[in-house]
Amino acid sequence: MDAVFHVEHQVFNYRVAGVLIQDGHVLIHRSKIETHWSLPGGRVKLGEDARTSLKREMVEELALDVETVNHLCTIENFFTYNGKNIHEVGLYFGLKTHGHLSLYNGEEFTVEEAERLVFKWVPIGDLLAYKLYPEVIKNKLMTGSLESDYVFVNDLQNV
């Protein structure tokens, strides 16, 4: 069972995501029905630690065996999505793989394991042109400030 809880017009979500960088490009993804991007990962299952969840999600979504290198940041984020107030705690880890991955010539790509998702390798310097959430992680990537950190973001007013 995923660590996500729905209560009336509010949702609590515990998410884990990975920062995978290769040749100056970072891997991002989005749902085929969305216009915004995020870092690949997913929901943590109850009783599962964050690093194990991230490894599982990367296998499920990309058939990719990864190693978590370090904790980059924890983002506690309050925002509105589809008319619901979301309280999300996201743990972000640096990732590495064994071997060189295809950058797909900078084109969007899908994989059989995650047909509902679109992936793309984006040059870090080009991230400004992308709607990548949470924005704080985009800023951290663009400035290269990927030291372990806790960030609080509250985009909700009068909650």
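Modeller: Before we start, keep in mind that this is a predicted model.

Biologist: What caps the N-terminal end of H1?
Modeller: Asp 49 does, with a side-chain oxygen that lies 3.2 Å from the backbone nitrogen of Arg 51.

Biologist: And how far apart are the end C-alpha atoms of H1?
Modeller: They are 18 Å apart, which agrees with the 18 Å that the 13 residues of H1, residues 50-62, should span at 1.5 Å a residue.

Biologist: Which strands do the buried residues of H1 pack against?
Modeller: They pack against several strands, including E2 (10-19), E6 (66-81) and E7 (84-97); among the buried residues of H1 are Leu 54, Met 58 and Leu 62.

Biologist: Is Arg 56 buried or exposed?
Modeller: Arg 56 counts as buried because its relative accessibility is 17%, and the cut-off for buried is under 20%. Arg 56 forms a salt bridge with Glu 57, where the closest N and O atoms are 3.1 Å apart, and its side chain also meets that of Glu 60 in a salt bridge at 3.3 Å, N to O.

Biologist: How many residues apart are Glu 60 and Arg 56 in helix H1?
Modeller: They are 4 residues apart, so about one helical turn separates them. Together with Glu 48 and Glu 57, they are linked in a network of salt bridges.

Biologist: Changing topic, which residue does Lys 140 meet in a salt bridge?
Modeller: The side chain of Lys 140 meets that of Asp 149, at 3.4 Å from N to O; Lys 140 counts as buried at 6% relative accessibility, whereas Asp 149 is partly exposed at 30%.

Definitions and conventions: Residues are numbered from 1 along each chain as its sequence is written. This is a predicted model: local features need pLDDT of at least 70, side-chain atom pairs count only at pLDDT 80 or more; totals for chains, interfaces and linings use all residues. Side-chain values use heavy atoms; hydrogens and water are left out. Helices (H or I, at least four residues) and strands (E, at least two) are DSSP runs, numbered from the N terminus. The expected span of a helix is 1.5 Å times one less than its number of residues. Buried means under 20% relative accessible area, exposed over 50%, partly exposed in between (1.4 Å probe, protein chains only). Contact means heavy atoms within 4.5 Å. A polar contact is a pair of N or O atoms within 3.5 Å; within protein, one must be able to donate a hydrogen and the other to accept it, and residues adjacent in sequence count only if both atoms are side-chain atoms. A salt bridge is a side-chain nitrogen of Lys or Arg within 4 Å of a carboxyl oxygen of Asp or Glu.
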